[in-house]
Amino acid sequence: MKVSVPVALGAALLLTGGAATGLRAQAPTTFIVESRTMTTGRFMPRDYSPDGRNLSPPLSWRDLPAGTRQLAVISQDYGAGRPPPWVHWIIYNIPGTALGLPEGIPFDSDHPMPAEIAGAVQGNNGWGLPAYRGPAPPVGAVHHYHFAVYALDEALDLPPGLDRDELLQAIEGHVIGQGDMVTLYERQPMNELP
Amino acid sequence: MTDSNDPRPDDTPHPGESMPLDESSSPADPSSLADSSPPAESSSLGESSPSADSLRPPISRRDLLRTAGIAGAAALIPDAVDAVTEEAPAIPSPAATGKEQLGSVLPLDAAPLLAGPLTNLTASETEILSAMVDRLIPTDELGAGAIDAGVLQFIDRALSEAESDAAEAYRSGLAALDAYSRYSRGGPFIDLPTIDQDSVLIDVQTGAATGAGAGFVGSSGSFFNMVKSHTWQGMFGDPKYGGNANFAGWDLINYPGVRLSVSAEDQSRLEADQLDPVRRSAYDFNLFE
């Protein structure tokens, strides 16, 4: 069977997990996502969980693709949720000029976003809350927390409160790059501390 | 945990360093969504749950008013108030689980806001409960909050009578709330900035606090919903039952009041927001004697 190149490429993206973002025929570039307090493959500090202050962690990115006008971030745990993933955080309408996200994005919409990401809004996480809420895996279990950052070719004016599926649908066709960071967490109950 | 492949950096707190990897030790954690036998409240937190996206931070006054406005039309009957407002939480309240309603079983005389210490809670417990209900419905530019409406006294009275079975749940829950606050935010709940109190309450509401080992009996969400349900009842129920002092709750939601009949003119004035509210307990009408 003869398959056109764009279709074949699309199928390849489907198999590699890119389909959820509805990528264009041209493969998105990858870029670097980092954090001054977290490292890929390592445990995140408890202050980003309900064992601590439950702040959203700081993120930064570099080597964004040319033409990036806006960014969106989804934090999720593919080891939880029915069906997975369990979404911990969604934030989008992030200006393309932003170099990252500062720690402690307000969880209350009455508080303004930091100036450097003015215009950004948060979507509904797995609890239905338009805010970051950190990892709370079952005691004794190590879970992985995936921060996916999407570079978009257009400044979309999306309403707050979108859930993961709604956001992915809304940015379909606009993703020109993606960066990822995966961290770990295991609960540290106070009644089991030495 | 001594695995040399442990990727955790030395300067990162090591969660669960000495804990056995026993997933069954987390009976009520919301993240046990990954577990094959999640707790009751977790089961309603899944993406397919229609109630999941109605779960909101407990502190937004605007969210409260959005929900309470719906409840206002039913404020005459405490059961109805609860039935409406309890659509929001994903976790069943005592009322939703068949527990007797506060307002429906307390045939008390119309009571003004009571002063003085509570009889069923210690001074320390009262402080914690006061701080909690003050965050659920704070006094602000929109009107009086739960404290001013006598919600504490409403709950205290209930714990003496219809809700006496809940007294221990209050004591243990308030102790756990404070222990969780000290552990996760570094200080007693009553001393935290309100923004941190709100964050703590979100974690208690969602059940995320359960796994911190602070002493919640069952899910932290069950404790949260018990207090929230009673706070709503004390705020918006008929003053006959000891709360809603000076009709503060009804004023807050612009409830037009108990009326035995509504004329077409009343309806028009109501829709134009020009109807003077009736501020009488339903029990002040002869119909209810």
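Let me start with B:Gly187, which sits in the loop of chain B between α6 (167-185) and α7 (194-206), where helices are DSSP runs of H or I of at least four residues, strands are runs of E of at least two, and both are numbered from the N terminus. What we are looking at is a predicted model, in which local features need pLDDT of at least 70, side-chain atom pairs count only at pLDDT 80 or more, and totals for chains, interfaces and linings use all residues. Residues are numbered from 1 along each chain as its sequence is written, while chains are lettered from A and ligands numbered from 1 in the order in which they are written.

Is B:Gly187 buried or exposed, or partly exposed? Because B:Gly187 has 13 C-beta neighbours inside 10 Å, it counts as partly exposed; buried would take 20 or more other C-beta atoms within 10 Å, exposed 12 or fewer, and partly exposed lies in between, with C-beta atoms placed from the backbone.

Let me turn to chain A. Strand β3 (residues 59-62) of chain A has A:Leu59 and A:Trp61 on its covered face, and A:Ser60 and A:Arg62 on the uncovered one. Strand β2 (residues 32-34) of chain A runs antiparallel to β3(A) and is joined to it by three bridges, strands being paired if DSSP finds at least two bridges between them. In this pairing, A:Ile32 stands opposite A:Arg62 of β3(A). Two bridges also join β3(A) to strand β6 (residues 100-101) of chain A, again antiparallel, and there A:Ser60 has A:Gly100 as its bridge partner.
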